[in-house]
Every structure is written in C-alpha cells, then in structure tokens.
Amino acid sequence: MFGTPLFNSPKILLLGSGELGKELIIEAQRLGLECVAVDRYQNAPAMQVAHRSYIIDMKDYSALMSIIEREKPDFIVPEIEAINIKALKDAEALGYKVVPNAKAVEITMNRELIRRLAAEELKLKTANYGFANNLDELKKVVEKIGYPCVVKPIMSSSGKGQSVVKCEEDVERAYKIAKEGARGYGDRVIVEEFINFDYEVTILTAKTVYGTYCCEPIGHIQKDGDYIESWQPHNMDEELKDKAYKIAKKVVDALGGYGIFGVELFVKDNEVIFSEVSPRPHDTGMVTLVTQEMSEFEIHLRAFLGLEISTKLINLGASHVIKSKIEKFAPKYKVKNVPKDVKIRIFGKPKALVGRRMGVVLAVGEEAREKAKKIANSIEVL
Ligand SMILES: Nc1ncnc2c1ncn2[C@@H]1O[C@H](COP(=O)(O)OP(=O)(O)OP(=O)(O)O)[C@@H](O)[C@H]1O
Ligand SMILES: [Mg+2]
C-alpha cells in the first residue's frame, strides 16, 4: 500500500506496530512523512496506517539490519522494548538516527542498567533492589530485601513475568513466572522492595532542541502490572509535583536525544520514588489524545523532527482500556450509547486473546473516569 509522502520528506521506520505506534503514524502521515512499520505479525495496528510494512522478529540482528539498509530511514523509532540492541547501535554508528538514541533504548529496556543510572549515578530514590541469576541467589536476595518484594525479569513489559513475593514459599513460583515472562537477558531477575505507595504517576517529559518540558502528571491504576485506567491531571501537592518534575528532567537529560519519555514514579508520604522510564510514548499517556493541546504522539514526533511542542493541558480527562474476555480471530465490537464527550479508539488488532488490550475509551470533564470506565466495560468483544 502506497500513500503520498511529500517529495524528499523524512522516512520513519517504526519498530513495533501496536496501538501507540498507530497513533504516532497517524501524526506522521499528517506531516507528510513516509512511514514504514515493522512487527512480528501481519496487520498489526500501526501497519494499517503505514505506507509499507515488514514482518520480522525484531530480536533477529540480520533481519533488522537488512530492513534498515534497504529502507535507509531518516529516523528509526522503537515502539517496543524487545528489539535487537546491537542492530540499533550498529545502525547508529552507520549514521542512522535512532530515537531518542541507541544507548537510551538499551538502558531503559534493561531493569539493571536503568537502576544503575537512576539510583547509583543520579542518586535518585528508588525501591531497594538486588539481582539474582538462579534460584539459590534469588532466595538470598529476597531475604536481604525482605517481604513483601517484587520479582521481575530484567527485560519485560506490561507486568509480564512479574509477581509479588509475600513469604518464602512464593520464591520458587516467582522465579518460574519471571523466567517465563522474560524477553531477553537469560534468567537474571531483579528483586525490588514492595512500595506501598499512596499513588503512582507518569510524568511525560519531552526533550526537544528548545529544552526539556514536563506534562501535567498522569495518575493511573495498574492491575497485575498492566495499565487499566489513567487520568490527567493527577492533582499533586505543589512541592511533590516539583520534586517529580525535577526527577523526570534529570533522568531524561541523562538519557539524551530528542523525543517524549514516560517517567514512572511512586509517591509515598513526602517522597517521590523513581520506578522506570520509557524512551517513547507511554500507554497511560493515551489520555493526552483528549486532554492536551498536543498528544504525546504529536509531541514525540515533533520533538525528534526538531519542531516546537506544547504540553498545554486543555481538558480534564481519563482513559480506560477495553480488554477482551475471549480468544477470537477477527473480532467484532458491540458498542452502545456513547455520550458525546466520550471517544472510542479500537486498535484493530487482528486477534483477540483473553486479557489482551483491544482498545481504549477516552472521556473528558469532571466525571471522565467514571464515564470512561462505564463505557469501556459496556463494550463487548465478540
Ligand atoms: N517495587 C514495586 N512496589 C510496588 N508496586 C510495584 C513495584 N514495581 C512495580 N509495581 C507495580 O507494577 C506496575 C508495573 O511495574 P513496572 O512498571 O516495573 O513493569 P512493566 O512490566 O515494565 O510495566 P510497563 O512496561 O507496562 O510500564 C507498576 O506500575 C506498579 O503499579
Ligand atoms: Mg511500567
């Protein structure tokens, strides 16, 4: 499928073609960019709006390098974590621009490297942590960190492979879950102190040629490590918000490059605790499609293209995910009674799986959270 890119317009190679990539490509199409989408399965959401697509395993070095060399993109834009990092580094060394840069992608996909940067180099407050390569080591690290604690693979996303260890009997199971949910880096796991936070927020932070800017805090609720609902703004005490912005800017400036980053923070009493950061739009940030003058997708794109951005909030709003309760190829959606201040975004994933995120409902106004939740729960995946 070919569209009509502008003559000499930049070309982006999107690595990962999920719902976040789809919104990014829609913005890129509006600016006349040439868009090439990559994922491991046919008809992934972003492929449906791109000019062309490729289906490969993005952890495969030679498959990824051949596409980069064939397409010669102006920007390589990672949308997921599970990407062959050597290919990104080699591409960067050959002169390709990786967004925000290959090192930032490498650090943030690896829970060990981001901890070392945040806690040890930048001296940010994080949950206490330790690492283990096997069950015996894990038992020792868990004893040291104490109960409850959280065991996670070094690389994973959306809560995969993650579990809370409440007592000694949970350790073996937690290790098994982590090994099964890991997306790379062998069987090494991180153990984190469980933070009984008051709330958690994402601070979307844009690094641009004009400076580093934070969006209003986004509050969210996660179930089993996966995002269910988010809202913006999350009202924070001014002092805590100031602390949160300082942490976000510090991390993002250390990672470097241009683009938007989702900085995940826990707040407990008077403390802001750094959790992790994505060097790309964040799933909880889908709410910005209705709350900000520029969504996180438009900001990301404009930031790496060198254009000015706005982080201005224009509405109170909320998002709630639509999850499938069934497994079904080519699912349909039954939607009824959608109020005018509610929007539905179906991602168009070709296959529904139990618990898979299939769409999101966005609402604005004082009652946004309740509305988004009600409509999302009323949508049936058939
Ligand atoms: N140490 C912790 N203490 C308390 N809760 C935690 C801790 N670590 C993670 N969580 C909870 O689990 C959620 C997911 O954790 P985390 O962000 O580390 O995983 P993830 O799989 O990388 O998620 P994603 O990539 O979707 O952001 C957090 O947003 C938080 O709600
Ligand atoms: Mg997270």
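# Briefing: helix packing, core and ligand shell

The buried residues of helix α10 pack against α1 (19–30), β4 (75–78), β10, β14 (259–268) and α9 (288–291). The model is predicted. The protein is divided into domain 1 (11–98), domain 2 (128–193) and domain 3 (199–381). Ligand 1 lies between domain 2 and domain 3, because both give residues to the shell around it.

- The C-alpha centres of domain 1 (11–98) and domain 2 (128–193) are 31 Å apart.
- The shell around ligand 1 consists of 16 residues.
- S157, E192, I195, Q222 and G225 are the closest of these to the ligand.
- By residue class, the shell holds eight polar, four charged and four nonpolar residues.
- Domain 2 (128–193) and domain 3 (199–381) both contribute to this shell, so the ligand sits between these two domains.

**Helix α10**

- Helix α10 spans residues 296–305 and is mostly covered, with nine of its 10 residues buried.
- The buried residues are E296, F297, E298, I299, H300, L301, R302, A303 and F304.
- Among the elements that these buried residues pack against are two helices, α1 (19–30) and α9 (288–291).
- The strands β4 (75–78), β10 and β14 (259–268) also pack against the buried residues of α10.

- A102, A104, V105, I107, T108 and M109 are the buried residues of α4.
- Their cover includes the helices α3 (85–93), α5 (111–121) and α8.
- Strands β4, β5 (97–98) and β15 (271–278) are also included in that cover.
- P100 is placed in the loop between β5 and α4.
- The peptide bond that joins V99 and P100 is cis, and its omega is about -10 degrees.

**Nonpolar core**

- The largest nonpolar core has 107 residues, and L14, I76 and I203 touch the most other members.
- Helix α8 (residues 238–255) gives the most to this core, with seven residues.
- In soluble globular proteins, nonpolar side chains tend to be buried together.
- With residues up to four places away in sequence left out, L14 touches G21, L24, I25, C35, V36, A37, V38, A46, V77 and E79.

**Hairpin β10–β11**

- Strands β10 (residues 199–208) and β11 (residues 211–214) pair in the antiparallel sense, over four bridges.
- The two strands form a hairpin, with two residues between them.
- K207 has T212, in β11, as its bridge partner.

**Residue I218**

- Strand β12 (residues 218–223) contains I218.
- I218 counts as buried because 28 other C-beta atoms lie within 10 Å, where 20 or more are needed.
- Apart from neighbours within four places in sequence, the contacts of I218 include V201, T202 and L204.
- The C-alpha atoms of I218 and F274 are 15 Å apart in space, and the two residues are 56 residues apart in sequence.

- The peptide bond from Q232 to P233 is cis, with omega near 0 degrees.
- P233 is in the loop between β13 (226–232) and α8.

- D269 is a residue other than glycine with a positive phi, near 50 degrees.
- The loop that holds D269 runs between β14 and β15.
- D269 counts as exposed because 7 other C-beta atoms lie within 10 Å, and the cut-off for exposed is 12 or fewer.
- Phi of A330 is likewise positive, near 50 degrees, in a residue other than glycine.
- A330 is in the loop between β17 (328–329) and β18 (333–334).
- A330 is exposed as well, because its count is 9 other C-beta atoms within 10 Å.

Conventions. Residues are numbered from 1 along each chain as its sequence is written. Chains are lettered from A and ligands numbered from 1 in the order in which they are written. This is a predicted model: local features need pLDDT of at least 70, side-chain atom pairs count only at pLDDT 80 or more; totals for chains, interfaces and linings use all residues. A residue is near a molecule or strand if its C-beta atom, placed from the backbone, lies within 6 Å of it. Ala, Val, Leu, Ile, Met, Phe, Trp, Tyr, Cys and Pro count as nonpolar, Asp, Glu, Lys and Arg as charged, and the others, Gly among them, as polar. Domain bounds come from an automatic or database domain assignment. Two strands pair if DSSP finds at least two bridges between them. A nonpolar core is a set of buried Ala, Val, Leu, Ile, Met, Phe, Trp, Tyr and Cys residues joined through C-beta atoms within 7 Å. Two residues are in contact if their C-beta atoms, placed from the backbone, lie within 7 Å.
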